[in-house]
Amino acid sequence: MRRPADYVEQDDMTSRSHRAGNDDTDTTQGFDQADAIDADDDGASFDGFGSGDDVGTGPVDWDGDQFDRADRSALRRIAGLSTELTDVTEVEYRQLRLERVVLVGVWTEGTAADAEYSLKELAALAETAGSEVLDGLIQRRDKPDPATYIGSGKAKELRDVVLATGADTVVCDGELTPGQLIQLEDVVKVKVVDRTALILDIFAQHAKSREGKAQVSLAQMQYMLPRLRGWGASLSRQMGGGGGGGMATRGPGETKIETDRRRIREKMAKMRREIADMKKGRDTKRQERRRNAIPSVAIAGYTNAGKSSILNRLTGAGVLVENALFATLDPTVRRSETPSGRVYTLADTVGFVRHLPHQLVEAFRSTLEEVSDADLILHVVDGSDPTPEAQLAAVREVFSEVEAHKVREIVVVNKADAADPEVLARLLRKEKHAIVVSARTGQGIDELLALIDDELPRPDIEIEVVVPYDRGELVAKVHGTGELLATEHREEGTWLHARVGRQLAAELERFVVVKN
């Protein structure tokens with residue numbers, strides 16, 4: 001791990017004591033407290049989310065946290081984000097494997113609680129990517145600074161926090177421009193990663209199928225292309241010019257970075273062709289299901305809301321279930337039956353998250369078509385989350401991008417066994433077409449199955465036929481894809497009164513009972 005030139009090494013016990021606030025020269029009181037650190041710029045200071053020095057006096061007419069101008073512009077620590085371990089040997093072992101990160105966010109809108117929640121979600125993303133979170137800071141600004149994201153003065157304060165904690169990476173809660181990344185790195189002297197790059201890294205770790213890996217690679221290259229940069233002479237080193245560099249390098253020549261950009265564009269074009277070829281297989285299967293009039297249900301929702309657990313409860317599919325963000329990237333389609341015996345398909349899709357990178361939405365568009373082409377969406381939301389409404393809004397934003405907002409939707413509030421009853425009641429008041437379940441305990445699953453049966457589109461052609469006994473496959477199709485109203489075994493064959501789709505109605509046309 002590269003340390004800046006002016007960094008002074010400390011022994012392990014001193015570092016931990018310094019971070020815990022036991023060093024007399026350090027004014028911080030530890031990560032879980034919000035105390036001030038003197039700053040030289042803007043007259044600002046680190047502070048907590050309290051209302052200043054008068055917090056302890058308890059005002060009589062309290063109308064919410066109020067900040068003076070200096071407090072509003074200060075960096076604020078967010079308590080409870082640290083994942084640093086206390087056991088010395090385990091800490092030293094994890095330091096060999098994990099990046100040590102400090103999180104920083106810019107609070108531009110919403111409440112202080114919203115800003116804290118966003119940074120805690122970023123901490124969960126960082127842990128999923130394999131990092132150890134040391135500290136988390138938030139600054140109140142009207143908009144991110146166009147140069148260094150948090151401003152030059154606050155960037156220097158962030159540099160002090162990086163030195164004090166021994167972090168080797170700073171993770172920003174937003175998408176930074178190439179210029180912001182470069183200038184912030186120049187100040188803090190460690191690697192800077194934004195939220196988009198972090199999510200892309202998690203997707204790259206979790207992709208298993210060939211299509212999933214290709215989609216993630218395409219998204220990463222789209223993100224990397226405008227942020228590509230060289231170091232020193234490699235920026236201006238020329239290729240070609242004398243005709244000795246081979247095809248596409250003759251002429252006046254091109255710099256090394258121009259060559260790298262061209263190669264990335266070529267790889268992106270190749271990836272798009274590969275994804276288009278793989279999409280054909282999924283399209284073929286989808287068309288076959290449509291031809292057989294098999295209704296489709298898509299499970300979608302926020303990451304780690306329990307979508308795969310719901311799928312396993314409904315179908316017994318045995319899909320990977322893990323308490324981690326983006327555990328499912330590759331869509332899983334399974335066959336299931338309603339309580340009345342109607343066959344339908346159930347597709348588990350990739351989870352969504354707030355500020356999902358547009359590169360991922362574009363790259364995973366072929367996968368997300370499972371949602372937009374479905375007859376019904378089970379929108380799974382985490383009932384144990386304190387702000388499930390924010391999850392619903394983030395997912396519906398992606399629905400609009402993939403043109404799935406017109407598909408019928410059932411809001412499935414999962415994790416009822418761990419949810420706050422008041423949160424559940426509030427959610428059910430706002431969402432009229434919702435049901436509360438627990439995939440872990442099985443609560444509400446039977447009611448969900450019955451609701452799916454009611455909501456699935458029903459066959460629109462009513463027929464009355466007598467099918468010969470040697471055409472049993474047609475009877476099976478009526479049972480599987482149609483809605484059987486009555487049946488009777490007669491001498492000439494099986495009499496059926498049912499509703500079926502157009503395709504099956506055409507196959508049964510020759511056996512229709514002619515009424516006098």
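Q: Which residues line the largest cavity?
A: This is a predicted model. The structure holds one cavity of 30 Å³ or more. Its volume is about 40 Å³. The lining consists of F203, V350, F352, L356, L360, F364 and L368.

Q: With which residue does E409 form a salt bridge?
A: Side chains of opposite charge can pair when their charged atoms come close. For E409, the closest N and O atoms of the pair are 3.1 Å apart. E409 sits in strand β12, and its partner, 13 residues apart, in helix α13. That partner is R396.

Q: Is E431 buried or partly exposed?
A: E431 forms a salt bridge with R396, with the closest N and O atoms 3.0 Å apart. E431 lies in the loop between α14 and β13 and R396 in helix α13, so the pair ties together parts that are 35 residues apart in sequence. R396 has 28% relative accessibility and counts as partly exposed. E431 has a relative accessible area of 15%, and buried means under 20%, so E431 is buried.

Q: How many residues apart in sequence are the parts that E507 and K477 tie together?
A: The side chains of E507 and K477 meet in a salt bridge at 3.2 Å, N to O. E507 lies in helix α17 and K477 in helix α16, so the parts tied together are apart in sequence by 30 residues.

Technical notes
Residues are numbered from 1 along each chain as its sequence is written. This is a predicted model: local features need pLDDT of at least 70, side-chain atom pairs count only at pLDDT 80 or more; totals for chains, interfaces and linings use all residues. Side-chain values use heavy atoms; hydrogens and water are left out. On a 1 Å grid over the protein atoms alone, a cavity is a set of points where a 1.4 Å probe fits but cannot get out, and a pocket is an open set with protein on both sides within 12 Å along at least five of seven lines; lining residues have an atom within 4 Å of a point. Grid points are joined across faces, edges and corners, and a volume is the space filled by probe spheres set on the points. A salt bridge is a side-chain nitrogen of Lys or Arg within 4 Å of a carboxyl oxygen of Asp or Glu. Helices (H or I, at least four residues) and strands (E, at least two) are DSSP runs, numbered from the N terminus. Buried means under 20% relative accessible area, exposed over 50%, partly exposed in between (1.4 Å probe, protein chains only).
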